[in-house]
Amino acid sequence: MTIFNLGSINADLFYHLPHLPAPGETLASTEFRRGLGGKGANMSVAAARAAGHVVHIGAVGTDGRWAVERLLEYGVDTCHIAELGDTTGHAIILIDAAGENQIVLYPGANVALGQGQVTAALAGATPSDSLMFQNETNLQSFAAGLGQQKGMRVVYAAAPFDAEAVHGVIDRIDLLVLNQVEAAQLEAALGRGLGDLGISDIVVTLGAEGCRHLECQSGSDRHYPGIKVAAVDTTGAGDTFTGYLVAGLDRGMPMEQAIGRAQRAGALMVTRQGTADVIPDLRDLEDFRP
């Protein structure tokens, strides 16, 4: 089976600070690094490192060839990544001494995709495949519609949160993944509880408190406790969780097992500094002792 991921590709620019800046405050960074990132790239790498076959659908500028090569090195199929005239997307990531972060995004080539590119990428997709997407590219609704027509499992990570974007795909998805803040924003925007959205499965991540899985057909709402670790950097942990979750489901794991493995991957991820470049693989998880 194949996981097709319509997702962003960013250059992540990390600035380490003694504390996150207040409005109008200027701070000197104590460290700078550039890495591969973007929610889409992170999820593709996570799913590939979880032994999934991942085809990434996305775009970079001419300045982003290094990012495509990095994805290829990490086991992601890059044949449907276009090189466009716009600048490669990038993120400015501020990290304080406690590991909390603030992020500013420039979408660049991520929002310049054409429908033909998505159609070509999904031309051979079957009902045994999965389609995953986030809110850092364009064409989410178009891709979700194609995935639904082909009978694929359609997975939506609703981040960065945008109520209009969610409304545009809510009747086309099978699995919704979001954090507790995004879940509250969604309920407020739609005026309905998560269990009333008509989505088969919803997973809400709760940070250190674990996650919830709502199975809407049965009405089940199960809490999975968090794994206690000393967090160094929370950037990319949610993306790692989602990529591992989808890879587990793609390999036929029951939801409980897929969530458990995804939680271990997310917990290990927060003990590392960085994004796509430090996402753990299955061997790392075997050695992980929280």
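Histidine 56 counts as buried because its relative accessibility is 0%; buried here means under 20% relative accessible area, exposed over 50% and partly exposed in between, with a 1.4 Å probe and protein chains only. The model is a predicted one, in which local features need pLDDT of at least 70 and side-chain atom pairs count only at pLDDT 80 or more, while totals for chains, interfaces and linings use all residues. Residues are numbered from 1 along each chain as its sequence is written, and side-chain values use heavy atoms, with hydrogens and water left out.

Histidine 56 sits in strand β4, residues 53-60 (strands are DSSP runs of E, at least two residues, and helices are runs of H or I, at least four, numbered from the N terminus). Its side chain makes a polar contact of 2.7 Å with the side chain of serine 44 (a pair of N or O atoms within 3.5 Å; within protein, one must be able to donate a hydrogen and the other to accept it, and residues adjacent in sequence count only if both atoms are side-chain atoms). The side chain of histidine 56 also reaches the backbone oxygen of glycine 7, at 2.8 Å. Leaving aside residues up to four places away in sequence, histidine 56 touches a set of residues including Asn5, Ile9, Val76 and His80, where contact means heavy atoms within 4.5 Å.

Now for the chain as a whole. The protein chain has 9 helices and 13 strands, and buried residues make up 53% of its 290 residues. Along the principal axes, its C-alpha trace spans about 50 × 45 × 40 Å.
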